[in-house]
Amino acid sequence: MRVVAISLLLVGLLAACDGPDPDSARLYSNQINEKIAQQCGPGYEAFVRRVPAPTSETRAIDAPLKSIDLFPPIFFAPLDQLAFESFTRGYPDDVRDRLLDLKGTLIRAGAALKSDFARPKWQGYCDRMQEMSRTLRNLG
């Protein structure tokens, strides 16, 4: 029975990698939309109010935004990154390349925001989040 269950799991995983996965695309888009609502929806002033003021004791490892759930898990959890990259392999090369490029752009925008809370960096981050969400939603 256990061998059958493992075999079914492996067949399911292989099937998921063989082609586009609109359900996962929608799930990723929804996950990003939740972060947009938390980080961008209340507006820049609310974002800045939630960020503790930097002190002379602040270091990179305990920087103010460390306590804010800035990235959707697919952009910082190694296992989720692997799952996202596996998800992208189900699409044609041009779509996969676009998704991975958007992911990289979003990570850079978030990193820039972590080092500078200025409105343009915040807006750039929110814009990249929305672009990724739209792209994923269009795949779903």
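How many helices and how many strands does the protein chain have? I counted six helices and zero strands. Along the sequence I read the pattern α-α-α-α-α-α.

I noted that this is a predicted model, in which local features need pLDDT of at least 70 and side-chain atom pairs count only at pLDDT 80 or more, while totals for chains, interfaces and linings use all residues. Residues are numbered from 1 along each chain as its sequence is written, and side-chain values use heavy atoms, with hydrogens and water left out.

**Whole chain**

I looked up burial next: 36% of the 140 residues of the protein chain count as buried. Buried means under 20% relative accessible area, exposed over 50%, and partly exposed in between, with a 1.4 Å probe and protein chains only. For contacts I used heavy atoms within 4.5 Å. Among contacts in the protein chain with a separation of 6 or more, 71% join residues 24 or more positions apart.

**H5 and H6**

I checked the length of H5 first. Its 23 residues should span 33 Å at 1.5 Å a residue, and the end C-alpha atoms are 33 Å apart, so the two agree. The expected span is 1.5 Å times one less than the number of residues. H6, with 21 residues, reaches 30 Å from its first C-alpha to its last, close to the 30 Å expected.

Two packed helices are described by the angle between their axes and the distance between the axes. Helix H5 (residues 93-115) and helix H6 (residues 119-139) pack at about 160 degrees, with axes 9 Å apart. That makes H5 roughly antiparallel to H6. Angles over 145 degrees count as roughly antiparallel, under 35 as roughly parallel, 65 to 115 as roughly perpendicular and the rest as oblique. The axes are lines fitted to C-alpha atoms over the stretch in contact, and angles run from 0 to 180 degrees between N-to-C directions.

From H5, the residues that meet H6 include Leu99, Leu102, Lys103 and Leu106. By class, I found 13 nonpolar, four polar and five charged residues in this contact. Here Ala, Val, Leu, Ile, Met, Phe, Trp, Tyr, Cys and Pro count as nonpolar, Asp, Glu, Lys and Arg as charged, and the others, Gly among them, as polar.

**Lys103**

Not counting residues up to four places away in sequence, Lys103 touches Ile74, Phe75, Gln81, Phe84, Glu85 and Met132. Met132 is listed among the buried residues of H6.

**H2 and H6**

I then turned to H2, whose axis comes within 8 Å of that of H6 and crosses it at roughly 155 degrees. H2 and H6 are therefore roughly antiparallel to each other. The contact includes Tyr28, Ser29 and Ile32 of H2, and Met129, Ser133 and Leu136 of H6. Its residues divide into 10 nonpolar, five polar and two charged.

**Ser29**

Which residues does Ser29 contact, leaving aside neighbours within four places in sequence? I listed Ser133, Leu136 and Arg137. Ser29 lies in helix H2 (residues 22-39) and is buried, with a relative accessible area of 2%. Ser29 and Gln130 are 101 residues apart in sequence, yet 9.1 Å apart in space, C-alpha to C-alpha.

How values were computed:
Helix = DSSP H or I, 4+ residues; strand = E, 2+ residues; numbered from the N terminus.
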